[in-house]
Amino acid sequence: MSYQNLKFEIKNKIAYVTINRPDKLNALNMATMEELRAAFTAIRDDKDVRVAILTGEGQKAFVAGADIGELSKHTTVSAKEYTHKGQAVLDLIENLGKPVIACINGFALGGGCELAMAGDIMIASDNAKFGQPEVNLGLIPGYGGSQRTTRLVGRGMAMYLCLTGEIVDAAEALRIGLVQKVVPQADLLTEAKRIANLIAGKAPLAIAACKRVINDGAHLATPDALELEAAAFGDLVTTSDFKEGTGAFLEKRKPEWTST
Ligand code: COA
């Protein structure tokens with residue numbers, strides 16, 4: 001597949017997805033969403049890819065939101081279909097079976113903030129800016145922002161961001177727990193690669209299970225979520241990778257994972 005709105009590359013077990021519409025601050029039009037769906041489906045199905053890094057082209061924006069030109073033309077029916085399609089792409093990222101590091105290199109507004117939140121770890125450059133400014137347009141978040149924001153930063157801060165539309169800087173995003181790290185812009189990709197390589201060196205089935213139980217458990221009552229954890233823990237001890245991991249520790253050597 002050739003991409004018009006993305007750069008997509010796989011190198012040393014890491015997939016790099018870069019939204020590439022810098023003249024429009026990487027705003028998400030439907031064509032870009034369709035390409036994101038194709039790229040992340042390819043990442044999900046490629047056994048050699050262990051981690052994905054998602055970022056935006058240029059130094060100004062990760063994604064400055066949904067494409068407002070396209071948004072302005074919706075009817076009730078098409079708007080609902082539009083949110084369902086977009087939500088499905090973000091669900092694909094959230095349930096990918098492998099970790100996604102969102103690398104926020106500038107504005108992450110509206111759909112951009114929502115897209116980043118569908119990833120598992122968010123790293124921001126020091127010039128990054130975050131917000132859910134849909135209320136300025138007579139809208140609310142439509143790609144899961146009203147729900148993922150609450151789960152990530154809590155009800156009060158989600159209300160604050162979605163009701164005021166205020167744009168917050170990287171330091172504030174770190175303080176409220178929206179992002180996990182802030183680094184100088186020049187170091188952003190290096191830091192994302194370091195974390196991706198760290199994860200890519202771990203047992204693949206354990207990484208997949210970890211992502212799954214954290215995500216799925218968040219929607220369950222604590223006793224059910226703990227049961228989910230216990231079931232995954234039980235399944236993992238039957239894998240060759242568990243034998244390899246424990247064996248390598250006891251033999252003081254590096255483990256060789258087979259994903260079995
Ligand atoms: N949709 C479509 N185009 C967008 C866009 C969006 N969400 N965000 C930026 N752009 C376009 C601008 O229209 C402009 O295009 P043009 O040069 O053809 O006129 C280009 O990207 C550069 O943006 P500009 O507004 O000139 O940059 P700025 O530095 O002055 O302001 C922002 C940056 C992010 C503050 C401003 O672009 C903005 O508010 N964008 C919309 C954010 C938003 O509401 N997102 C949520 C949408 S649901």
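Here are some friendly notes on the structure above, point by point.

1. **Ground rules.** This is a predicted model, in which local features need pLDDT of at least 70, side-chain atom pairs count only at pLDDT 80 or more, and totals for chains, interfaces and linings use all residues. Residues are numbered from 1 along each chain as its sequence is written, and side-chain values use heavy atoms, with hydrogens and water left out.

2. **The β1 to β2 loop.** Start with N12, which sits in the loop between β1 (6-11) and β2 (14-19); helices (H or I, at least four residues) and strands (E, at least two) are DSSP runs, numbered from the N terminus. The phi of N12 is positive, near 45°, and N12 is not a glycine. K13 belongs to the loop between β1 and β2 as well, and its phi is also positive, about 70°, again in a residue that is not a glycine. N12 is exposed at 66% relative accessible area, whereas K13 is partly exposed at 47%. For these words, buried means under 20% relative accessible area, exposed means over 50%, and partly exposed is in between (1.4 Å probe, protein chains only).

3. **Helix α1 and M33.** M33 is part of helix α1 (residues 30-45). With 3% relative accessibility, M33 counts as buried.

4. Look next at the loop between β4 (61-63) and α2 (68-71), where you will find D67. D67 is buried, at 15% relative accessibility. Its C-alpha atom is 8.2 Å from that of M30, although 37 residues separate D67 and M30 in sequence.

5. **A nonpolar surface patch.** I68, L137 and L139 together make a nonpolar patch on the surface, with about 270 Å² of accessible area. Patches take residues with over 30% relative accessible area and no salt bridge, joining like charges within 9 Å and nonpolar side chains (Val, Leu, Ile, Met, Phe, Trp, Tyr) within 5 Å. The areas come from the Shrake-Rupley method with a 1.4 Å probe, and for residues only the protein chains shown count as cover.

6. **How α5 meets α4.** Two packed helices are described by the angle between their axes and the distance between the axes. The axes of α4 (residues 111-118) and α5 come within 10 Å and cross at roughly 55°. Axes here are lines fitted to C-alpha atoms, for helices over the stretch in contact, and angles run from 0 to 180 degrees between N-to-C directions. The two helices, α4 and α5, are therefore oblique to each other; angles under 35 degrees count as roughly parallel, over 145 as roughly antiparallel, 65 to 115 as roughly perpendicular, and the rest as oblique. The crossing of α4 and α5 is left-handed, a term used if the near helix is turned anticlockwise from the far one by less than a right angle, with right-handed used if clockwise.

7. **How α5 meets α6.** For α5 and α6 (residues 155-164), the axes come within 7 Å and cross at roughly 135°. That makes α5 oblique to α6. This crossing of α5 and α6 is right-handed.

8. **Salt bridges.** The structure has 13 salt bridges, each a side-chain nitrogen of Lys or Arg within 4 Å of a carboxyl oxygen of Asp or Glu. One of them pairs D91 with R148, with the closest N and O atoms 3.0 Å apart. D91 lies in helix α3 (residues 76-94) and R148 in helix α5, so the pair ties together parts that are 57 residues apart in sequence. D91 is partly exposed at 35% relative accessible area, while R148 is buried at 11%.

9. D45 and R44 meet through their side chains in a salt bridge of 2.9 Å, N to O. D45 is exposed at 52%, and R44 is partly exposed at 40%. R253 and E251 form another salt bridge, with 2.7 Å between the closest N and O atoms. R253 is partly exposed at 35%, and E251 is exposed at 53%. Finally, salt bridges that share partners join D91, E94 and R148 into one network.
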